[in-house]
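The sequence and structure come first.

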Amino acid sequence: MFLTERDYYHFMDSQEFLELCKRKDYVEKDLKQFEKAIELARTFLSQKWRLSGDIFFDHNLRVAVILVQNMADSGVIIAGLLQGILKYVKEEGIEEKFSREVVELLQGFQELKELKFKNTNLEAEALRKIILTTLKDMRIVLIKLASKLDNLQSISALPEKDQKRIAQEVLDVYAPLAYRLGMEKIKIQLENHAFKIINLKKYQGV
């Protein structure tokens with residue numbers, strides 16, 4: 001069965017993901033690393049549920065799809081597949097299986113979550129500046145943007161108030177970050193999904 005790129009947002013089979021990677025010309029070495037990351041994520045994250053009602057493994061796989069579609073490098077894709085894994089696997093184990101680069105991306109992703117939590121009362125512009133000046137590797141932001149995009153696409157299980165809060169945060173913080181980093185495709189996708197949540201009638205032109 002051949003799937004369009006749009007279908008991949010909702011299709012969570014790892015073999016289809018690897019087929020997409022082949023079509024995007026990732027080399028065999030990368031594909032083997034992706035397979036290892038998928039198996040590790042499945043082992044530890046396939047029974048961990050998100051507030052949206054799906055499991056973290058499925059979320060991570062969809063995030064990796066978005067990263068592949070945006071031609072992210074292999075280290076970023078592996079980190080996308082392994083979001084949250086440091087709660088269950090020691091850094092040394094990740095470094096041994098993959099690389100120090102992947103460990104640092106995962107650490108940075110966690111630091112970004114903590115940074116956001118510690119600065120919840122900041123204005124959006126100030127938070128964006130802190131993110132841009134604090135993170136050592138801007139590729140971490142790409143993983144976050146992909147994660148936010150998937151969150152917007154799987155947000156319907158949350159209360160409407162929470163949906164609108166998350167969508168507004170995306171418009172205020174993450175879409176401008178995508179623009180600042182030259183990620184136009186993700187910026188447009190984030191804005192479209194967020195605006196649809198905040199004002200469906202206006203989005204539909206009603």
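Does Phe-44 count as buried, partly exposed or exposed, and at what relative accessibility? Phe-44 counts as partly exposed because its relative accessibility is 28%; buried means under 20% relative accessible area, exposed over 50%, and partly exposed in between (1.4 Å probe, protein chains only).

The model is predicted: local features need pLDDT of at least 70, side-chain atom pairs count only at pLDDT 80 or more, and totals for chains, interfaces and linings use all residues. Residues are numbered from 1 along each chain as its sequence is written, and side-chain values use heavy atoms, with hydrogens and water left out.

Rings of Phe, Tyr and Trp (its six-membered ring) pair if their centres lie within 6.5 Å; planes under 30 degrees apart count as stacked, over 60 as edge-to-face and the rest as tilted. By this rule there are 3 aromatic pairs, among them these:

| Pair | Type | Centre to centre | Angle between planes |
|---|---|---|---|
| Phe-17 and Phe-34 | tilted | 6.2 Å | 55° |
| Phe-44 and Tyr-88 | stacked | 6.4 Å | 15° |

Phe-17 is buried at 1% relative accessibility, and Phe-34 is buried at 0%. Tyr-88, the partner of Phe-44, is partly exposed at 35%.

The largest nonpolar core has 66 residues; such a core is a set of buried Ala, Val, Leu, Ile, Met, Phe, Trp, Tyr and Cys residues joined through side-chain atoms within 4.5 Å. Phe-17, Phe-34, Ile-77, Leu-82 and Leu-190 have the most contacts inside it.
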